[in-house]
Amino acid sequence: MPEIATEWQRFEQLSAAKLYELLRFRQGIFVVEQGSPYPDLDGLDQSAWHLLLRVDGTLAGYSRLIPPPVRIGRVAVAAPLRGRGLGRRLMEEALLFCRAQYLGVPVGLTAQAHLAPFYRGFGFEPIGEPFNEFGVAHVEMKLLHT
């Protein structure tokens with residue numbers, strides 16, 4: 001059974017090596033794998049909480065949480081490890097953190113449209129029509145019950 005560990009880090013807590021690791025991870029999935037040249041370095045990482053999920057010590061999943069208004073974003077799992085519940089684990093950790101740190105504060109996210117059913121499973125609902133963001137269909141979603 002693989003060892004799964006999660007850790008929350010503020011931007012200023014990230015070592016140069018960890019920051020490079022997570023940025024490379026995100027780029028590999030969102031830019032390279034999905035063929036979407038978008039500005040990943042959007043100026044929001046400095047104020048965000050970063051959730052790193054490791055499987056046997058290797059970065060296998062990532063998400064970030066931007067403080068109020070609370071937004072969950074950049075939810076990603078390494079391609080070879082998808083379908084094993086790691087995305088669910090990331091979302092569960094993120095929502096637990098939201099309840100502990102930001103109780104009663106609305107939580108939103110922008111989902112790739114094909115993943116809307118996944119986020120609905122956590123209580124998120126679309127709040128608008130799908131839109132194109134750098135060649136990928138997305139939909140804005142809001143958590144109905146915090």
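Predicted model: local features only at pLDDT ≥ 70, side-chain atom pairs only at ≥ 80, totals over all residues.
## Overall fold

The secondary structure of the protein consists of 3 helices and 8 strands. Along the sequence these elements run in the order β-α-β-β-β-α-β-α-β-β-β. The protein has a radius of gyration of 15 Å, close to the 15 Å given by the globule rule for 146 residues, so it is as compact as a globular protein of that length. Taken along the principal axes, the box filled by its C-alpha atoms is roughly 40 × 35 × 35 Å.

Contacts were also sorted by separation in sequence. Counting those in the protein between residues at least 6 apart, 59% join residues at least 24 apart.

## Burial, surface and charge

Of the 146 residues in the protein, 42% are buried. The accessible surface of the protein is about 7,900 Å², and 57% of this area belongs to carbon and sulfur atoms.

Positive side chains number 15 and negative side chains 15. The centres of these two sets are 1 Å apart.

## Helix α2

Helix α2 covers residues 86–101. At 1.5 Å a residue, its 16 residues should span 22 Å, and the end C-alpha atoms are 22 Å apart, which agrees.

Which residues of α2 are buried? They are Leu86, Gly87, Leu90, Met91, Glu93, Ala94, Leu95, Phe97 and Cys98. An α-helix has 3.6 residues a turn, so residues three or four places apart point the same way. The buried residues of α2 include Leu86, Leu90, Glu93 and Phe97, and also Gly87, Met91, Ala94 and Cys98.

Terms used
Residues numbered from 1 in each chain as written. Heavy atoms only, no water. Helix = DSSP H or I, 4+ residues; strand = E, 2+ residues; numbered from the N terminus. Rg over C-alpha atoms; globule rule 2.2 N^0.38 Å. Buried < 20%, exposed > 50% of the residue type's maximum accessible area, 1.4 Å probe, protein only. Contact = heavy atoms within 4.5 Å. Areas by Shrake-Rupley, 256 points an atom, 1.4 Å probe, with all protein chains shown as cover. Lys, Arg positive; Asp, Glu negative; His and termini not counted. Charge placed at Lys NZ, Arg CZ, Asp CG, Glu CD. Expected span 1.5 Å × (residues − 1).
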